[in-house]
Amino acid sequence: MKRPVGGTAGLVLVSVIGTGYLGATHAACLAACGHEVVGVDSSRERVATLAEGRAPFHEPGLEPLLREGVRSGRLRFTTECADAAGAEAHFLCVGTPQRPGSHAADLSSLDAAVGSLAPVLTTPTVVVGKSTVPVGTARRIGERLRAEAPAADDVAVAWNPEFLREGHAVHDSLHPDRLVFGVEDDESDQVLRDVYATMINSGVPVVRTDLPTAELAKVSANVMLAARISLVNLLAEVCEVASADVGDLTRILGLDERIGDKFLTPGVGFGGGCLPKDTRAFVARAEELGLAGPAAVLREVDALNMRQRARTIDRAVRMLGGRVDGRQVAVLGAAFKAGSDDVRDSPALDVATTLQARGARVRVHDPQAGSNVRRVAPALDVAETVEQACRDADVVLVLTDWDEFRGIDPVALAATVRHPRVVDGRLVLDPDKWRAAGWDFHALGRGGS
Ligand SMILES: NC(=O)c1ccc[n+]([C@@H]2O[C@H](COP(=O)([O-])OP(=O)(O)OC[C@H]3O[C@@H](n4cnc5c(N)ncnc54)[C@H](O)[C@@H]3O)[C@@H](O)[C@H]2O)c1
């Protein structure tokens, strides 16, 4: 790639293609760093919302950045890839969900985005993948762009995986633990260094590497996290059977410097738009690469995770005396984790819809995800408050780790429900307080109930 000379010192014209949880945050944060940013999305509705400086989903701190970016003129949104022409870097941020009927990643949105972008590439540029993809995708995109882009000889491909956590996305984007630049030439590396100058100047480490390593960085991080959660859930199940206390056990483990205390909370398991599908896509890709044997361990990680949902349902059914039909169930939480309204592959929503399918009358409350629940599971009854969800409930399930739920007064809530029975699927409630208030209390991993 030949980089044009000139431009405002250090500031870069960039495009961000795909403005969902990742792309909208990335675009807003780059505009906040002073760059000129064009966000491109195929959804007209999303573009209209973003163009007004409004966030199309719940993400703390995002809306003020969007508002300021749009107001300053540094941040624009469009449905047309042609409006991104001339950018020095094009960030690919479209979704790569699980392919229907398969464990592999569905790359159709990514391929469509590359197809729309290619004809627009008439000037030297670097196309930077941020979406999470199977290793080998960047090379394939590079070959396609060399065949289709008018300025093919001056178009480079780079991979710059994103590690942000929903609920902390703005903080993580502006203060990442590390930046990973998978590049094939010094010019691409320099463009990325200019884009991320604010972070680099504040001491964020950069790891420069090749394309396949950069692609692998994100899925590898996610399979490590997924494995850790499934392992702690296995320990929790043993604790339950052996009448041990998983809270004490994880505290003991967490104090071991080699292990640490993050991602050590057992419960209903991991979900969301990343960990489950990335674990499955990693296995699918490893199998394609002839590594089905060793990758089988990650099939178990996935199975252990799904088992947590089944265990939660079994526990609720047992508390209900084995009969679900016609019983009133309160589900507190629908988002896959606190701080987000994202219900993709959410354990909480999965448990709620499964119980409903088995004949229970389920009322769900989530501080942020209510409208997403109405959209993806319209048959579920959505309550505006904890009290509404729990009115006349035969059992209460706490399935997302919102702080609001930690503060519930078990004495007051006991007067709202029909039967004071609760399953704490996230270890957010104080067992002693709830038992003292008369609740039949069960927490996944905690023996003695
Ligand atoms: N959500 C996260 O926390 C996170 C973190 C790191 C990495 N990732 C990865 O980032 C990628 C995007 O994830 P997301 O959660 O933002 O997904 P998302 O579904 O929220 O957003 C994807 C966006 O891309 C748009 N889109 C689809 N096809 C398009 C096309 N051809 N042209 C333009 N826009 C198009 C969609 O309309 C949507 O707005 C995935 O690969 C994901 O694994 C996500």
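Is Ser 243 buried or exposed in this structure? Ser 243 counts as exposed, because its relative accessibility is 59%; for the whole talk, buried means under 20% relative accessible area, exposed means over 50%, and partly exposed is in between, using a 1.4 Å probe and protein chains only.

Before I go on, a word on what we're looking at. This is a predicted model, where local features need pLDDT of at least 70, side-chain atom pairs count only at pLDDT 80 or more, and totals for chains, interfaces and linings use all residues. Residues are numbered from 1 along each chain as its sequence is written, and side-chain values use heavy atoms, with hydrogens and water left out.

Okay, back to Ser 243. You'll find Ser 243 in the loop between helix H9 (211-241) and helix H10 (246-254). Helices here are DSSP runs of H or I with at least four residues, strands are E runs of at least two, and both are numbered from the N terminus. The phi angle of Ser 243 is near 55°, which is a positive value in a residue other than glycine.

Now let's go to the ligand. The shell around the ligand has 26 residues, and the ones that come nearest are Leu 22, Asp 41, Thr 96, Glu 166 and Lys 277. A residue is near a molecule or strand if one of its heavy atoms lies within 4 Å of it. By type, the shell splits into nine nonpolar, ten polar and seven charged residues.

Let's look at some atom pairs. For polar contacts, think of pairs of N or O atoms within 3.5 Å; within protein, one must be able to donate a hydrogen and the other to accept it, and residues adjacent in sequence count only if both atoms are side-chain atoms. On the backbone side, a polar atom of Tyr 21 is 3.1 Å from an oxygen atom of the ligand. And a ligand nitrogen is 2.8 Å from an N or O atom in the Glu 166 side chain. On its own the ligand has 840 Å² of accessible area, and the protein covers 87% of that, with areas from the Shrake-Rupley method and a 1.4 Å probe, where for residues only the protein chains shown count as cover.

Next, the nonpolar cores. In soluble globular proteins, nonpolar side chains tend to be buried together. A nonpolar core here is a set of buried Ala, Val, Leu, Ile, Met, Phe, Trp, Tyr and Cys residues joined through side-chain atoms within 4.5 Å. The largest one has 54 residues, and those touching the most other members are Val 329, Leu 332, Leu 355, Val 362, Val 396 and Leu 397. Helix H13 (residues 347-357) gives the most to this core, with five residues. Apart from it there is another core, of 41 residues, including Val 14 and Leu 179.

Take Leu 397 as an example. Not counting residues up to four places away in sequence, Leu 397 touches several residues, among them Ala 316, Val 351 and Val 423; contact means heavy atoms within 4.5 Å.

Why does Gln 328 count as buried? Because its relative accessibility is 7%. A polar atom of the Gln 328 side chain lies 3.3 Å from the backbone oxygen of Arg 361.

Leaving aside neighbours within four places in sequence, one of the contacts of Gln 328 is Asp 392, so let's hop over there. Asp 392 sits in the loop between helix H15 (386-390) and strand E12 (395-398). With 40% relative accessibility, Asp 392 counts as partly exposed. Asp 392 is not a glycine, yet it has a positive phi of about 60°.

Last stop is Ser 202, in the loop between helix H8 (197-201) and strand E8 (206-209). Ser 202 is exposed, with a relative accessible area of 55%. A polar atom of the Ser 202 side chain lies 2.8 Å from the backbone oxygen of Met 199.

Key
Ala, Val, Leu, Ile, Met, Phe, Trp, Tyr, Cys and Pro count as nonpolar, Asp, Glu, Lys and Arg as charged, and the others, Gly among them, as polar.
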